[in-house]
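Below is a short report on one protein model.

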Amino acid sequence: MRTFDGRETRQRRIARLLLIAGLAAAGSAEAAHLTVQLDGVEGPLRDAALAGIELNQYAARDVTAAQAHRLYERAAAEIKSALEPYGYYHAEVTGELKETGADYIAVLHVAAGEPVRIATLEIKLDGDADGQLPVQKAIAAFAPAKGQPLDHALYEKSKAGVQAALFGSGYLEAELVTRKVEVSRSANTADIHLEWKVGPRFRLGETVFEGGQFPDAFLDRYVPWNEGDFYTQDKVLELQQRLIDADYFAVAQVQPDIEHAHDGTVPIKVMLAPAKRTIYTGGLFIGTDTGFGLRGGVTRRWLNRRGHKGKIEAIVAERLKTINATYQIPLAGPNNHSVNFGFSYRDENTDTSQSNTWGLAATDSAVWNGWTRTYGMKFLTGDFEVANIPGNTTLLYPEGSLSRKRADDPVFVRKGYSLTFAARAAAFVGSTDFAQVTADGKWIRGIGENSRFIARGSLGATKVTDFDKLPPELRFFGGGDRSIRGYAYQTIGPPLPDELVPEAAARCAADKNRDCQTLVIGGKYLVVGSAEYEYYFKPNWGIATFIDSGDAFSTFDDYRQKIGVGFGLRWRSPVGMVRVDLGFPVHDDQNSGVELHLVIGPDL
């Protein structure tokens, strides 16, 4: 009996499993795939229609016949509802549900019809808020405007824009009390009625700093307003940007303390967190002008509670060795005003010149009308050799500059520029009297999604009583990575005067150097221009073609335009932009061949 019962139990289990398998097979046989074909509308309307129908969510899932028919029957109403936010209230939907074997195809034809257009746009503000320029601009830009199709997304965005303009202009209690969109389907029109209860315009109260490493008296120098001025969002953002630019803080958040606003005055709360105090930088680099080298530096973001800063940088390369040290003292007042003291040492050895100089500088720097302006005194002394002719100099001269830089992305600029103007002069003190002005600019614009156009130029002019006493860094040369490619670094300029050729030739022979007839001594004037086109065939890889032209000269009669053309490779590497160029001189009887140029660094 036990054996029989055991067999019977096993038989029942087998029968149950066969029944389950049969039911599963039957269910599988009834399952089908569903696809959607929708036409009649394009772009955002088509996207909205597809997103609004439930059957589109089943395109990648199995459905039964009942599900397919039920989903199809709902589709017309769902599409009409999905198009209404875009102003289409009279859409018509036709179609059919096709069976193709075990699968279904939902074919939907959409006729959107004429959109509802705005007949009336009424925006009311109490008080004097409509006299504020940001509010005027927000109202003028309100969309959809009268005569335009009703678009609920644009309507909500414009409504939020007016609210933001009111808040940004100091109306912190502004409230939208009336919001009506009345649609007349028969007339195919819509009326928009909006009304704000604006309330008082708030003034700026006490500025409270929390979390910073400096006393409030020091931080007050960054506040770009006087207590009691009308509140504007632009002023709040300006304070935040100034604190960020100061480079003291890892976090700088500025916002109105609305909870403690009273009597038409709102305090400003500033949350700060110190940045890392000491920054160490270093790394290897290579440039065809300088050769292989090592770069290192130490920056102390603040040295004391008065915010003084210190920085030391050094470069040791095959043809260039420099040390620069600066000490910065921030001054009271706006515009990042500071006094800077610096020491510099430069040992440069190129095919054209050698110099061993050091200098001291004291400058005053501040932001002025969007520019960084710097002026001060500089002392420079040392020995040098140009075209194998030795010299020495000692100069004390004032120097000033204006610079400005704008970029949409500091790593890879698609819209930006940089401009620098400088002037320096020395009289009655030092080895020679001179006056010099320079101008440098660079302009970058993206073309489409994968290309850029880059233009740059440099101009310079010098008036000097004894040119031989000017060190190489104050003379003008052409050629090199950032000048006229196709020519080696500092190889473009006036040739060695005939009377100095014998002396230089003797020194060249002793040094087994090249023919001194080809050496240049630098010029009093500089004119250089460049145009470049880059195309990126991959996100981080591109090719470039360029043309550079110009000359360094001492009299306008001696100007001889040098032209370099070529092509190159671009790599957006993890350490910065890498540029490798091959340049060729054009129409030059004394220079030929190919010059390799390699630069690693930012665009601006």
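## Sheets and strands

β5 and strand β7 (residues 189-197) pair in the parallel sense, with eight bridges between them. This is a predicted model, in which local features need pLDDT of at least 70, side-chain atom pairs count only at pLDDT 80 or more, and totals for chains, interfaces and linings use all residues. Residues are numbered from 1 along each chain as its sequence is written, and side-chain values use heavy atoms, with hydrogens and water left out.

Two terms need their cut-offs here. Strands pair if DSSP finds at least two bridges between them. Helices (H or I, at least four residues) and strands (E, at least two) are DSSP runs, numbered from the N terminus.

Trp196 in β7 is the bridge partner of Leu125. Helix α5 (residues 152-168) packs on the sheet and touches β5, β6 and β7; contact means heavy atoms within 4.5 Å. The direction of α5 makes about 20° with that of β7. Axes are lines fitted to C-alpha atoms, for helices over the stretch in contact, and angles run from 0 to 180 degrees between N-to-C directions.

The sheet itself is open, with three strands in the order β5-β7-β6 and mixed pairing. Its edge strands are β5 (117-125) and β6 (175-184), each pairing on one side only. From one strand to the next, the twist averages 10°.

A second open sheet has four strands in the order β2-β1-β4-β3, again with mixed pairing. β2 (62-63) and β3 (92-100) are at its edges with a single partner strand each, so one side of each has no neighbour in the sheet.

| Strands | Bridges | Facing residues |
|---|---|---|
| β1 (residues 32-39) and β2 | two | His33 and Asp62 |
| β18 (residues 389-407) and β19 (residues 415-426) | nine | Arg404 and Leu419 |
| β19 and β20 (residues 434-447) | twelve | Ala422 and Thr438 |

## A buried valine

Is Val254 buried or exposed? Val254 counts as buried because its relative accessibility is 9%. Buried means under 20% relative accessible area, exposed over 50%, and partly exposed in between (1.4 Å probe, protein chains only). Val254 sits in strand β9 (residues 249-256). Leaving out residues up to four places away in sequence, Val254 touches Val236, Leu239, Gln240, Leu243, Ile268, Lys269 and Val270.

## The second largest pocket

The second largest pocket holds about 840 Å³ of space. A pocket is an open set of points on a 1 Å grid over the protein atoms alone, where a 1.4 Å probe fits, with protein on both sides within 12 Å along at least five of seven lines; lining residues have an atom within 4 Å of a point. Grid points are joined across faces, edges and corners, and the volume is the space filled by probe spheres set on the points. Of its 33 lining residues, Thr491, Val520, Lys562, Gln590 and Asn591 are the closest to the centre.

Most residues other than glycine have a negative phi, and most peptide bonds are trans. The bond from Ala143 to Pro144 is cis, with omega near 5°. Pro144 lies in the loop between α4 (133-140) and α5.

Asp247 has a positive phi of about 65°. Asp247 is in the loop between α7 (233-245) and β9, and is partly exposed at 33% relative accessible area. His587 also has a positive phi, near 55°. The loop between β25 (576-586) and β26 (595-600) holds His587, which counts as exposed at 79% relative accessibility.
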